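Open the structure in a viewer and keep the selection tool ready. The stops below say what to select and what is there.

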Amino acid sequence: MSRVNTVLGPIPAEELGIVAVHEHIGYGMPGSELDTQWWKTPEQRYAETVPKLRKFHEYGGGTFVEVTGICNGRDVDYYKSLSAKTGVHIVACTGFVGGDTALPFFARASVDYLTDHFVHEITVGIGDTGSRAGVIKVGVSRGGRMTELDKRIYRAAARAALRTGVPILTHLAIDAENAIAIFHDEKLPLDRVLFGHADDGVNAEKTRDTWIAEQGGRVGFDTFGYETELEDPPFWARPRKERLDHFLRFIDGHLDKALASADANCSPLGWPGVKGHTVNYLFEDLMPDLRAAGVDEATLTTLFVDNPAAFLTIQA
């Protein structure tokens with residue numbers, strides 16, 4: 001039977017429903033808890049987050065893939081309480097958003113150590129939570145090229161994916177040539193990798209999205225909602241129509257490789273976040289935009305139900 005690890009235990013992939021495949025309950029850089037301006041109490045974060053997840057559930061959302069990595073505020077016991085409270089399946093990750101967010105202990109670790117750590121969090125559990133990770137997060141550090149630490153993390157992730165059957169999700173799809181070379185070297189099938197943020201306003205022109213798909217990789221258009229039309233757009237924002245047109249062009253030839261999400265923070269840790277942007281952009285804006293562009297319901301099901309389920313299913 002197909003299954004996916006959620007924070008409340010494994011479930012059949014058929015029960016995932018509509019999936020937001022690249023999201024955050026709360027993300028912050030290491031040390032963000034020391035910030036006196038933007039840090040929120042657990043009660044404040046809970047009050048911000050529960051209504052967003054409840055609305056997601058009311059809209060028909062089934063599963064929220066939480067890809068806040070080690071050292072960035074990952075809190076699995078918190079995710080368990082949110083899942084139980086809202087009815088939303090939450091998938092937690094192991095791994096790192098990028099090598100530049102790994103604290104020194106992990107930054108100095110060998111590939112073998114990192115592999116064993118990822119495998120433990122997938123097969124035994126994260127800390128003492130009893131919850132198993134359902135996806136491995138990796139990423140390209142600031143600067144746009146994989147560092148030696150990034151490469152060690154990617155190699156460890158590939159080995160852990162092969163040993164456990166869970167997939168890999170990347171932060172940024174730039175420098176994909178180096179990433180794919182590592183995955184090929186480790187003999188990891190590329191359909192087990194989702195190359196993320198192919199659509200963001202900084203890196204879209206440098207991301208070889210169709211080439212990645214032609215190699216067999218999955219491609220994430222997962223910064224929907226970060227628009228230049230926002231009141232105070234972030235530096236990675238992009239005009240709404242430009243991003244939508246990019247996505248439409250991609251799915252016209254590579255629908256089976258496409259996944260979409262918003263990469264929103266329910267309650268950011270130690271930074272203000274982006275006002276007016278939530279996971280519910282998927283229902284409130286993206287799906288209406290796609291329908292208005294002529295995308296039919298069967299295609300929406302492929303994008304938000306079938307493709308994520310195939311990606312997240314543990315390949316035992």
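In which hand, left or right, does helix 4 pass helix 5? The crossing is right-handed. This is a predicted model.

**Stop 1: two helices.** Select residues 111-123 for helix 4 and residues 148-164 for helix 5. Their axes come within 8 Å and cross at roughly 40°, so helix 4 is oblique to helix 5. Now show the side chains where the two helices meet. On the helix 4 side, the residues include Val111, Leu114, Phe118, Val119 and Ile122. On the helix 5 side, look for Arg152, Ile153, Ala156, Arg159 and Arg163, among others. The residues of this contact divide into 9 nonpolar, 3 polar and 6 charged.

**Stop 2: glutamate 66.** Select residues 61-66, which form strand 4, and pick out glutamate 66 there. Is glutamate 66 buried or exposed? Glutamate 66 is buried, because its relative accessible area is 0%. Leaving aside residues up to four places away in sequence, glutamate 66 touches several others, among them Glu23, His24, Tyr79, Ile90 and Cys93.

**Stop 3: the cysteines.** How many disulfides does the structure hold? The count is 0. Select cysteine 71: the nearest cysteine sulfur, that of cysteine 93, is 11 Å away. Cysteine 71 is buried, with a relative accessible area of 18%. Finish at cysteine 266. Its closest cysteine sulfur is also in cysteine 93, at 14 Å, which is too far for a bond. Cysteine 266 is buried, with a relative accessible area of 3%.

Technical notes: Residues are numbered from 1 along each chain as its sequence is written. This is a predicted model: local features need pLDDT of at least 70, side-chain atom pairs count only at pLDDT 80 or more; totals for chains, interfaces and linings use all residues. Side-chain values use heavy atoms; hydrogens and water are left out. Axes are lines fitted to C-alpha atoms, for helices over the stretch in contact, and angles run from 0 to 180 degrees between N-to-C directions. Helices (H or I, at least four residues) and strands (E, at least two) are DSSP runs, numbered from the N terminus. Angles under 35 degrees count as roughly parallel, over 145 as roughly antiparallel, 65 to 115 as roughly perpendicular and the rest as oblique. A crossing is left-handed if the near helix is turned anticlockwise from the far one by less than a right angle, and right-handed if clockwise. Contact means heavy atoms within 4.5 Å. Ala, Val, Leu, Ile, Met, Phe, Trp, Tyr, Cys and Pro count as nonpolar, Asp, Glu, Lys and Arg as charged, and the others, Gly among them, as polar. Buried means under 20% relative accessible area, exposed over 50%, partly exposed in between (1.4 Å probe, protein chains only). A disulfide is a pair of cysteine sulfur atoms within 2.5 Å.
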